[in-house]
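Have a look first, then read on.

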Amino acid sequence: MSETKFQTLVDVPQFPWQTGYKQKNLFMGSCFTENVGAKMEALKYPVDINPFGILYNPLSLANGLQLLLEEKQFSADDLIEHNGLWHSFSHHGRFSNTVQDKALDAINMRIKSSATFLKQAGFLFLTFGTAWIYRYKKSGELVSNCHKIPAREFVRERLSVQQIVDVYCSLLTKIWQVNPDLKVVLTVSPIRHWKDGAIENQRSKSTLILAVDQLIQKFGAEKCAYFPSYEIVMDELRDYRFYAEDMLHISEVAIKHIWSRFEAALISAESIEIAREVQKISNAVKHRPINKKSLEYSKFLLSFLHKLELLEKRFPYLNLKLEKEYFNVQIEQFGGGDQANVS
């Protein structure tokens with residue numbers, strides 16, 4: 001008698017390479033990118049997440065990558081003022097500011113650091129969210145975010161598969177000239193753009209999936225790969241209990257499931273083991289005792305500081321500086337004279 005199955009499992013392909021603590025990982029794209037990137041960041045993997053903020057369409061991502069390659073420095077001419085805020089059409093609203101110079105400083109500092117990060121990165125994760133783009137009528141400029149400017153001031157159009165492929169064939173070639181060992185992992189966001197309507201959302205996602213397939217066929221598995229996050233949500237998590245209250249964004253449970261599939265497929269076994277120890281240290285940092293002056297808490301701090309130092313010796317590429325500082329400060333506050341008595 002065959003076992004009854006209550007879930008259709010998506011086959012995640014075997015990747016010829018894996019990332020981990022020894023590799024820098026740049027994440028760019030939709031909020032799904034931030035969900036997965038945040039998981040790696042919390043485990044102290046070397047990551048840079050969305051240096052332009054959340055970007056939804058492939059052309060905005062391509063524009064951001066091009067700006068990093070150029071190490072573009074923005075000036076006042078690159079900003080637009082609306083409702084008392086200074087905005088960049090290349091950036092998410094998180095970079096907007098009431099003070100023009102502060103907006104420019106935040107934009108330019110991030111571009112400078114992320115441009116260096118891209119050149120050194122081992123992996124680039126790109127998540128396409130929608131094939132729909134917006135152009136500002138006054139200039140014809142592609143916008144990554146409309147910044148609540150009235151819709152009548154923009155032209156909306158859907159990209160074709162060929163438009164996306166043409167842009168990325170040129171762009172990825174330029175990136176590999178600067179960083180020839182970079183591995184590119186493409187994903188399509190499982191979060192639906194419902195304001196486009198069910199049919200248009202599906203056409204949009206289909207366009208993205210076909211474009212990604214053509215890019216992988218062109219560049220080959222040695223440089224490019226596809227992680228099926230969209231398919232995992234559509235098939236493995238085909239139930240509204242895996243969605244947030246808006247029934248469009250995915251829940252924390254769904255994010256954890258996708259992360260588990262992502263980790264198993266794309267992160268090395270050694271790094272997964274290290275991550276388990278890092279998680280214990282992270283949990284210890286979050287621990288809040290009833291009595292900070294107790295002997296038990298002092299022993300707890302010293303024990304985890306010792307574990308952290310052993311981990312640093314075994315894996316010198318780990319960056320646990322903030323956690324180490326935390327333990328040292330807490331131990332110092334307990335009282336330097338008491339440390340010798342409990343160690």
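Q: How do you know which residues Lys44 touches, not counting residues up to four places away in sequence?
A: Contact means heavy atoms within 4.5 Å. By that rule Lys44 touches Tyr21, Val278, Asn319, Leu320, Leu322 and Glu323. This is a predicted model, where local features need pLDDT of at least 70, side-chain atom pairs count only at pLDDT 80 or more, and totals for chains, interfaces and linings use all residues. Residues are numbered from 1 along each chain as its sequence is written, and side-chain values use heavy atoms, leaving out hydrogens and water.

Q: Why is Lys44 called partly exposed?
A: Buried means under 20% relative accessible area, exposed means over 50%, and partly exposed is in between (1.4 Å probe, protein chains only). Lys44 has 21% relative accessibility, so partly exposed it is. Lys44 sits in the loop between α1 (31-42) and β2 (47-49); helices (H or I, at least four residues) and strands (E, at least two) are DSSP runs, numbered from the N terminus.

Q: What makes Ser114 buried?
A: Its relative accessible area is 0%, so Ser114 counts as buried. Ser114 belongs to helix α3 (residues 100-120) and touches Asp48, Pro51 and Leu68, leaving aside residues up to four places away in sequence.

Q: Why are α8 and α9 called roughly antiparallel?
A: Angles under 35 degrees count as roughly parallel, over 145 as roughly antiparallel, 65 to 115 as roughly perpendicular and the rest as oblique. The axes of α8 (residues 269-286) and α9 (residues 295-314) cross at roughly 150° and come within 10 Å, so the two helices are roughly antiparallel to each other. Where they meet, α8 brings Glu277, Val278, Lys280, Ile281 and Ala284, and α9 brings Phe300, Phe304, Leu308 and Leu311.

Q: How do you know that β6 and β7 pair?
A: Two strands pair if DSSP finds at least two bridges between them. Strand β6 (residues 132-136) and β7 have 2 bridges, in the antiparallel sense. Tyr134, for one, has Val143 in β7 as its bridge partner. The open sheet of 3 strands runs β7-β6-β8, and β7 (142-143) and β8 (154-158) are its edge strands, each pairing on one side only.

Q: What is the pLDDT over residues 337-343?
A: pLDDT is the predictor's confidence in each residue, from 0 to 100. Over residues 337-343 it stays under 50, while the protein averages 93. Where pLDDT is low, the predicted coordinates should not be read in detail.

Conventions
Axes are lines fitted to C-alpha atoms, for helices over the stretch in contact, and angles run from 0 to 180 degrees between N-to-C directions.
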